[in-house]
Amino acid sequence: MGEMSLSGNVQIPGVSCTAYTSGYTVIAKMTSRFLENGLLPTLSQYPELKNLLGKGISVVDIGCGEGVSSVVLGKAFPNSNICAVDLLEESVVVGRKKAESLGLKNVEFITGDAAALPAEWNSKFDFVFMHDALHDQAYPDKVLSEVYRVLTPGGIYFALEPFSYTKVKDNLEKLEGMQLLYMISLLHCMPTSLYSECGRTEQPGREKR
Ligand SMILES: C[S@@+](CC[C@H](N)C(=O)[O-])C[C@H]1O[C@@H](n2cnc3c(N)ncnc32)[C@H](O)[C@@H]1O
């Protein structure tokens, strides 16, 4: 766990994502209801994309967590190859085991940082998918420029994020379960982003941002 100090002289504020291993299993349980029942109907709204996936394209699922979406995509589109990437090794291991137990040969899992994807991935993927992972980023600008770099020319980027309103009041009054999501944001998303802000190798520092 990183050091969170309110008294100044902070070396690494926030909390490492490795401290939340069971937290990601909880998140996978929360997201699987949508991903297992709603992802394919959502993609059906884009027939051209679904057609390409059916024919066979290269896909990267960034911030895949325990790979619920990667497995859904791999099962539904056996001609496509799915590369599932997550920062957290523990989640990647769970996802890999799940894909292996289902005999999915077209889904592979790797540990990696969305803000610094492998250098050899230039123009590698026809379809970049992210579910519930963009808003977690300490460096969304770097992640988006990596997405652009790894996409083939004319490739498709598809980011699905939880719906919310701008005002907290509207979120609390109009959306179900927002109290829980605010709690997760406060106790998980923010501390892990703070940690990665100073924990990454380049350490840009707040004053330079
Ligand atoms: C809210 S979870 C969503 C997981 C999965 N997409 C799902 O819907 O079940 C966000 C995921 O993004 C991953 N993540 C956050 N920052 C990342 C980064 N820079 N690179 C790769 N993965 C990252 C976390 O480890 C976590 O698994």
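Guide: What follows is a set of questions about terms, each answered with values.

Guide: This is a predicted model, in which local features need pLDDT of at least 70 and side-chain atom pairs count only at pLDDT 80 or more, while totals for chains, interfaces and linings use all residues. Residues are numbered from 1 along each chain as its sequence is written.

Visitor: What makes up the secondary structure of the protein?

Guide: The protein has seven helices and five strands. Helices (H or I, at least four residues) and strands (E, at least two) are DSSP runs, numbered from the N terminus. Along the sequence they give the pattern α-α-β-α-β-α-β-β-α-β-α-α.

Visitor: Why is L151 called buried?

Guide: A residue is buried if 20 or more other C-beta atoms lie within 10 Å of its own, exposed if 12 or fewer, and partly exposed in between, with C-beta atoms placed from the backbone. L151 has 20 other C-beta atoms within 10 Å, so L151 is buried. L151 is found in strand 5. Of the 209 residues of the protein, 30% count as buried.

Visitor: Which residues does L151 touch?

Guide: Two residues are in contact if their C-beta atoms, placed from the backbone, lie within 7 Å. Leaving out residues up to four places away in sequence, L151 touches S123, F125, V128 and Y157. V128 is 23 residues from L151 in sequence, and the two C-alpha atoms are 7.0 Å apart in space.

Visitor: Is S123 buried or exposed, and how do you know?

Guide: S123 has 11 C-beta neighbours inside 10 Å, so S123 counts as exposed. S123 is found in the loop between strand 3 and strand 4. Its phi is positive, about 50°, although S123 is not a glycine.

Visitor: Why is D132 called partly exposed?

Guide: D132 has 18 other C-beta atoms within 10 Å, and therefore falls in the partly exposed class. D132 lies in the loop between strand 4 and helix 5. D132 also has a positive phi, near 60°, in a residue other than glycine.

Visitor: Why is F163 called exposed?

Guide: F163 has 8 other C-beta atoms within 10 Å, so F163 is exposed. The place of F163 is in the loop between strand 5 and helix 6 (168-174).

Visitor: How do you know that the span of helix 4 agrees with its number of residues?

Guide: The expected span of a helix is 1.5 Å times one less than its number of residues. Helix 4 has 13 residues and should span 18 Å; its end C-alpha atoms are 18 Å apart, so the two agree.

Visitor: Which residues of helix 4 are buried, and how do you know that they are on the same side?

Guide: The buried residues of helix 4 are S91, V92, G95 and A99. They cover an arc of only 100° around the axis, which puts them on the same side of helix 4. The arc is that of the directions from the helix axis to the C-beta atoms. The face turned away from the buried side of helix 4 carries the exposed residues E100 and S101.

Visitor: Which residues of helix 5 are buried, and what puts them on the same side?

Guide: In helix 5, V143, E146, V147 and V150 are buried. Their arc around the axis is only 105°, which puts them on the same side of helix 5. What covers these buried residues includes strand 1, strand 4 and strand 5 (151-160). Exposed residues D141, S145 and Y148 are carried on the face of helix 5 turned away from its buried side.

Visitor: What makes a nonpolar core, and how many residues are in the largest?

Guide: A nonpolar core is a set of buried Ala, Val, Leu, Ile, Met, Phe, Trp, Tyr and Cys residues joined through C-beta atoms within 7 Å. The largest one has 39 residues, of which V59, V60, I62 and V128 touch the most other members. Strand 4 gives the largest share of this core, five residues.

Visitor: How many residues surround the ligand, and which are the closest?

Guide: The ligand is surrounded by 23 residues, and the closest are T31, G63, G65, L87 and A114. A residue is near a molecule or strand if its C-beta atom, placed from the backbone, lies within 6 Å of it. Helix 1 gives the most to this shell, with four residues.
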